[in-house]
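The following paragraphs lead the reader through a predicted model, with attention to how its parts are put together.

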Amino acid sequence: MISEKWMQISNNNISSVYLLYGIEAYFIEETLKRIKRQLSDQGELEVITFDMEESKVDEVMYEADTIPFFSDKKLVIAKNAFFLKATEKGKEKIAHDTLSLEEWLKSPSPSAITVFIAPYEKLDERKKITKAMKQAANVIESASLQVHDLKGWILHELSSHGKTMSDGAIDCLIELGGTDLVHLQTELTKIATYVGEEPEIDVDTIKKLLVRTLEQDVFTLGNAYLSGNKSVAIEIYHDLLKRKEDPLKLNALIATQVRLMVQVSHLKKKGYHAQQIANQLKVHPYRVKLLIDHPMLHNEQKLLQTLNDLATVDLQLKTLNINRDRILEMFLLK
């Protein structure tokens with residue numbers, strides 16, 4: 001459990017090497033924040049950051065082995081450790097000496113805390129370097145929270161601000177704000193500050209203040225279109241255009257949503273429940289929860305036709321020399 005790892009850090013039980021991997025940025029950033037806070041308590045902290053898509057891992061090892069100037073230990077951060085995931089042969093962005101890294105991991109520098117960050121859903125377990133890293137490092141997985149855990153996390157964040165929220169308000173927060181914890185944390189802090197001494201945050205306040213994510217706006221737009229609510233779909237589309245969103249990108253996001261609906265429909269017919277579907281499709285469980293009882297799942301033919309129409313729109317957006325904003329608008333008005 002990540003809470004146990006954080007407790008170790010707060011108790012100054014800090015490992016020489018960490019591997020933070022997964023797609024939930026909040027847990028990666030929070031772990032780094034806690035390590036920095038703990039090390040800063042021991043004196044001035046020296047932090048050196050490398051991007052593994054630009055710098056060689058040799059530089060990370062050299063820096064970690066160099067004695068720090070201002071404190072007993074320095075913090076060395078190696079971001080985007082793509083050599084730990086599956087990559088197509090010859091498509092690597094930079095060649096890393098992973099054999100040397102394997103040897104270094106057997107006896108890492110005692111004067112540095114070295115953190116490798118792999119912001120990917122999966123690592124390539126077949127690689128020797130991945131096995132060596134997992135054996136030598138303190139591994140913390142940064143996975144997306146399940147629906148129940150997400151609500152628990154929101155309540156915990158609210159309690160830190162002395163606030164509460166009803167189940168309906170939490171559902172509204174997630175529906176409008178998405179499931180990205182970094183974004184939700186920022187929005188909760190802002191909303192809690194706005195309500196002042198009020199102990200509870202209601203739905204109206206959330207709708208008034210919450211900055212919606214692009215994905216959530218497109219989700220609402222797609223729902224409105226599929227439900228035949230053209231006026232709402234056009235209103236959201238025009239709002240997105242005012243925010244300088246590209247019609248080509250919006251079309252692709254709508255297609256992604258419809259494709260997910262087709263996949264959910266197919267797996268639901270095979271008897272899969274929501275969590276199994278989320279695991280099978282590798283998407284956040286809340287996205288499946290929003291779709292599992294969607295009335296359009298019973299009309300798979302219309303969904304497939306919509307996908308075909310969106311492919312036509314995509315081609316038109318890329319080839320026709322006319323107002324691109326109007327192309328997607330005409331589709332939404334069909």
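**The interface of domain 2 and domain 3**

Between domain 2 and domain 3 about 690 Å² of area is buried, and carbon and sulfur atoms give 67% of it. Buried area here is the accessible area, taken with a 1.4 Å probe, that two parts lose on being put together, summed over both. The size of an interface is often given in this way, as the accessible area lost when the parts come together. On the side of domain 2, the residues that lose the most area to domain 3 are Val-147, Glu-175 and Thr-179, which together account for 62% of what that side buries.

These domains belong to a chain divided into domain 1 (2-142), domain 2 (147-209) and domain 3 (214-333), with bounds that come from an automatic or database domain assignment. The contact (heavy atoms within 4.5 Å) takes nine residues from domain 2 and five residues from domain 3. The C-alpha centres of domain 2 and domain 3 lie 26 Å apart.

The model is predicted, so local features need pLDDT of at least 70 and side-chain atom pairs count only at pLDDT 80 or more, whereas totals for chains, interfaces and linings use all residues. Residues are numbered from 1 along each chain as its sequence is written, and side-chain values use heavy atoms, with hydrogens and water left out.

Zero salt bridges are counted between domain 2 and domain 3; a salt bridge requires a side-chain nitrogen of Lys or Arg within 4 Å of a carboxyl oxygen of Asp or Glu. On the side of domain 2 that touches domain 3, α6 (147-160) and α7 (167-177) each supply at least two residues. Of the elements on this side, α7 gives the most, with five residues. Helices are DSSP runs (H or I, at least four residues), and strands are runs of E of at least two, numbered from the N terminus.

**Domain annotation and a salt bridge**

UniProt, in an unreviewed entry, places the feature "domain: DNA polymerase III delta subunit-like C-terminal" at residues 215-334; such annotations may be inferred rather than shown by experiment, and the positions follow the numbering used here, with feature names shortened. Over residues 215-334 the chain is 77% helix and 0% strand, and the end C-alpha atoms are 22 Å apart.

The whole structure contains 18 salt bridges. Glu-30 and Lys-33 are separated by about one helical turn because they stand three residues apart in helix α2 (residues 25-40).
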